[in-house]
Amino acid sequence: MNSKDRKKKILLLPGDGIGPEVFAPVMKILEHIVKTGQIALEWEEGLIGGIATDRTGYPLPPETLEKADRSDAVLLGAVGGPKYDTLPYDKRPERALLGIREHLGVFANLRPARLFPELAASSTLKPEVISDLDLIVVRELTGGIYFGKPRGIFEESGVRRGVNTETYTEPEIVRILRVAFDLARKRRKRVTSVDKANVLESSALWREVAVSVHKDYPDVELSHMYVDNAAMQLVRNPKQFDVLVTGNLFGDILSDEAAQLTGSIGMLASASIGGKTGLYEPIHGSAPDIAGKDMANPLAMILSLALLFRYSLDREDLAENIESAARTVLKDGVRTVDIQGKGTKKIVGTREMGERVFSALSKS
Ligand code: IPM
Ligand code: MG
């Protein structure tokens with residue numbers, strides 16, 4: 001039996017807030033795909049975030065990491081909630097997210113921002129600015145200021161000082177740039193490297209290394225942009241971008257901005273790769289304000305499952321089926337509240353949106 005035929009295993013981590021709600025349709029889709037013999041796949045569930053703290057005392061219990069280690073891919077909902085905001089820093093649900101990314105070594109976070117044409121009128125930007133938008137943010141995910149040392153809150157002569165460190169080694173920059181160039185080769189062959197090289201040494205090195213890695217990719221065009229300008233260009237003329245590659249913090253910020261171009265943060269899925277096991281999660285958070293209200297848009301979660309099939313299980317066909325089912329539902333004018341606008345025929349909740357995608361998928 002070659003590795004392609006081996007039964008694959010995935011770990012499901014619904015997490016907190018709207019996480020479990022947006023996960024429900026994913027479970028149904030998975031069951032359907034397996035039951036109809038489209039893939040040999042099994043899964044187990046695990047705890048992460050606030051719910052894990054409630055049950056075990058830790059936001060990222062060792063058992064979750066063990067389960068992740070024996071999986072081919074991990075699908076994650078969201079973590080966090082007001083109940084946990086007053087916990088000490090290392091018990092915060094967000095630490096679990098950073099912890100699992102670090103543990104899996106998934107240094108490359110791909111955040112594709114592609115506009116479904118049906119949603120052109122749902123964005124806050126003019127349709128002509130965003131129509132046919134198709135860019136991808138490649139965010140470095142296991143380095144930079146999120147992990148750099150020293151970090152902490154220190155006290156000196158009665159004055160407290162909060163410290164974080166932006167740091168990138170040359171090999172870290174090389175490997176993320178390679179991911180970006182490789183991706184660009186399968187797309188429109190344009191990479192924009194985003195930095196703050198006019199001020200930060202870590203960025204100056206980033207830019208220098210980008211130029212030297214580029215020598216291996218003469219067929220791809222490389223340009224550089226300062227992050228403040230990139231933030232502006234994203235709303236001014238986002239279609240100039242194909243692949244945007246940047247560090248952890250800049251990527252965090254720019255990918256939320258890119259999400260809004262596609263209508264709503266409820267639309268953007270992400271894939272974190274480069275380690276042994278891929279991690280897939282919507283870029284939205286746990287949205288405690290709407291949790292339990294059947295209001296959340298499950299599409300980013302469902303589209304994250306599509307990315308899992310694409311990048312970790314090498315099943316482009318299943319990824320495309322899911323994406324086209326989502327498209328069908330949008331074409332029918334069905335929308336959750338966050339993506340309502342011109343062309344909306346029916347506003348639905350999380351459950352019904354999930355049902356609609358499921359039924360489009362099971363008919364295809
Ligand atoms: C994201 C989120 C996380 C991050 C938070 C929740 C820790 O904003 O995935 O973009 O900053 O990476
Ligand atoms: Mg973010």
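Me: What makes strand 11 and strand 12 a pair, and how many bridges join them?

Reply: This is a predicted model, in which local features need pLDDT of at least 70, side-chain atom pairs count only at pLDDT 80 or more, and totals for chains, interfaces and linings use all residues. Residues are numbered from 1 along each chain as its sequence is written, chains are lettered from A and ligands numbered from 1 in the order in which they are written, and side-chain values use heavy atoms, with hydrogens and water left out. Strands (E, at least two residues) and helices (H or I, at least four) are DSSP runs numbered from the N terminus. Two strands pair if DSSP finds at least two bridges between them; four bridges join strand 11 (residues 269-273) to strand 12 (residues 278-282), so they pair, and they run antiparallel. Within this pairing, Ser272 has Leu279 of strand 12 as its bridge partner.

Me: What is the order of the strands in the sheet, and what makes a strand an edge strand?

Reply: The open sheet has ten strands in the order 2-1-3-12-11-4-5-10-8-9, with mixed pairing. Strand 2 (41-45) and strand 9 (221-226) are the edge strands, as each pairs on one side only. From one strand to the next, the twist averages 20 degrees.

Me: Which strands does helix 7 touch?

Reply: Helix 7 (residues 201-214) packs on the sheet and touches strand 5 (134-140), strand 8 (190-195), strand 9 and strand 10 (243-246). Contact means heavy atoms within 4.5 Å.

Me: Why is helix 1 called oblique to helix 10?

Reply: The axes of helix 1 (residues 19-35) and helix 10 (residues 299-311) come within 8 Å and cross at roughly 40 degrees. That angle makes helix 1 oblique to helix 10, because angles under 35 degrees count as roughly parallel, over 145 as roughly antiparallel, 65 to 115 as roughly perpendicular and the rest as oblique. Axes are lines fitted to C-alpha atoms, for helices over the stretch in contact, and angles run from 0 to 180 degrees between N-to-C directions.

Me: Why is helix 10 called roughly antiparallel to helix 11?

Reply: The axes of helix 10 and helix 11 (residues 316-331) come within 6 Å and cross at roughly 160 degrees. This value makes helix 10 roughly antiparallel to helix 11.

Me: How many residues of each class does the contact of helix 10 with helix 11 have?

Reply: This contact has twelve nonpolar, no polar and four charged residues. Ala, Val, Leu, Ile, Met, Phe, Trp, Tyr, Cys and Pro count as nonpolar, Asp, Glu, Lys and Arg as charged, and the others, Gly among them, as polar.
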